[in-house]
Amino acid sequence: MFMNEYRHTIDAKGRMILPARFREELGTRFILSRGIDQCLTIYPMEHWQTLTTSLQKLSFTKSSVRKLRRFLIGSSTEMECDRQGRILIPAHLREYAGLKKEALVIGTGATIEIWNPAVLDAANGDDESIADLAESLDIPMDFDL
């Protein structure tokens, strides 16, 4: 499971160090794609294959299916880290996420998100509290200890 958050810089060529803990769990090859929100998402190969298999089973005659396939699959790229643990984020993905010099790398369980910190602050700045959100999703957060 990917968890925690790390602040990293992106160099002039679009390279960013991926946290060592994440690299170990990802393996040698993984997928970088646009995220549903204005972020980028890294998928381990097995999760990407599950997602794309599910998308391929949907009817291509539905415009929403075609749009989602283009959004996720069409912009995605297979990645691997270089010897310094860096990934090269393609220009079109950096532009989509508004990434410049600074990035926030967040483990979200099965995937990893890469955010422009200002964009994430704006996304998290809505009026709904986390407590209200958890209650609306009926997430059990009370544990008998």
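Student: Which residue forms a salt bridge with Glu 78?
Tutor: This is a predicted model, in which local features need pLDDT of at least 70 and side-chain atom pairs count only at pLDDT 80 or more, while totals for chains, interfaces and linings use all residues. Residues are numbered from 1 along each chain as its sequence is written, and side-chain values use heavy atoms, with hydrogens and water left out. A salt bridge requires a side-chain nitrogen of Lys or Arg within 4 Å of a carboxyl oxygen of Asp or Glu. In the salt bridge of Glu 78, the closest N and O atoms are 2.4 Å apart, and the partner is Arg 29.

Student: How many residues apart are Glu 78 and Arg 29?
Tutor: Helices (H or I, at least four residues) and strands (E, at least two) are DSSP runs, numbered from the N terminus. Glu 78 belongs to strand S5 (residues 77–79), whereas Arg 29 sits in the loop between helix H1 (20–26) and strand S3 (30–34). The pair thus links distant parts of the chain, the separation being 49 residues.

Student: At what relative accessibility does Arg 29 count as partly exposed?
Tutor: Buried means under 20% relative accessible area, exposed over 50%, and partly exposed in between (1.4 Å probe, protein chains only). Glu 78 counts as partly exposed because its relative accessibility is 41%. Arg 29 is also classed as partly exposed, at 35%.

Student: Which residue is linked with Arg 29 and Glu 78 in a network of salt bridges?
Tutor: A search of the whole structure finds five salt bridges. Arg 29 and Glu 78 take part in a network of such bridges, and the other residue linked with them is Glu 80.

Student: Which strand holds the Arg 7 that pairs with Glu 102?
Tutor: The side chains of Glu 102 and Arg 7 meet in a salt bridge, at 2.6 Å from N to O. This pair links parts of the chain 95 residues apart: Glu 102 is in strand S7 (residues 102–109), and Arg 7 is in strand S1.

Student: Why does Arg 7 count as exposed?
Tutor: Glu 102 counts as partly exposed because its relative accessibility is 37%. Arg 7 counts as exposed because its relative accessibility is 52%.

Student: Which strands stand at the edges of the sheet?
Tutor: Two strands pair if DSSP finds at least two bridges between them. The sheet is open and has six strands in the order S1-S7-S8-S4-S3-S5, with antiparallel pairing. An edge strand has a single partner, so one side of it is left without a neighbour in the sheet; this applies to S1 and S5.

Student: What angle does the direction of helix H5 make with that of S7?
Tutor: Axes are lines fitted to C-alpha atoms, for helices over the stretch in contact, and angles run from 0 to 180 degrees between N-to-C directions. Contact means heavy atoms within 4.5 Å. Helix H2 (residues 45–57) lies across S3, strand S4 (40–44) and S5, running at about 105° to S4. Helix H5 (residues 117–124) packs on the sheet by touching S1, S7 and S8, and its direction makes with that of S7 an angle of about 55°.

Student: Is Asn 116 buried or exposed?
Tutor: Asn 116 lies in the loop between S8 and H5. Leaving aside residues up to four places away in sequence, Asn 116 touches Ala 97, Gly 98, Leu 99 and Glu 102. Because its relative accessible area is 16%, Asn 116 is buried.
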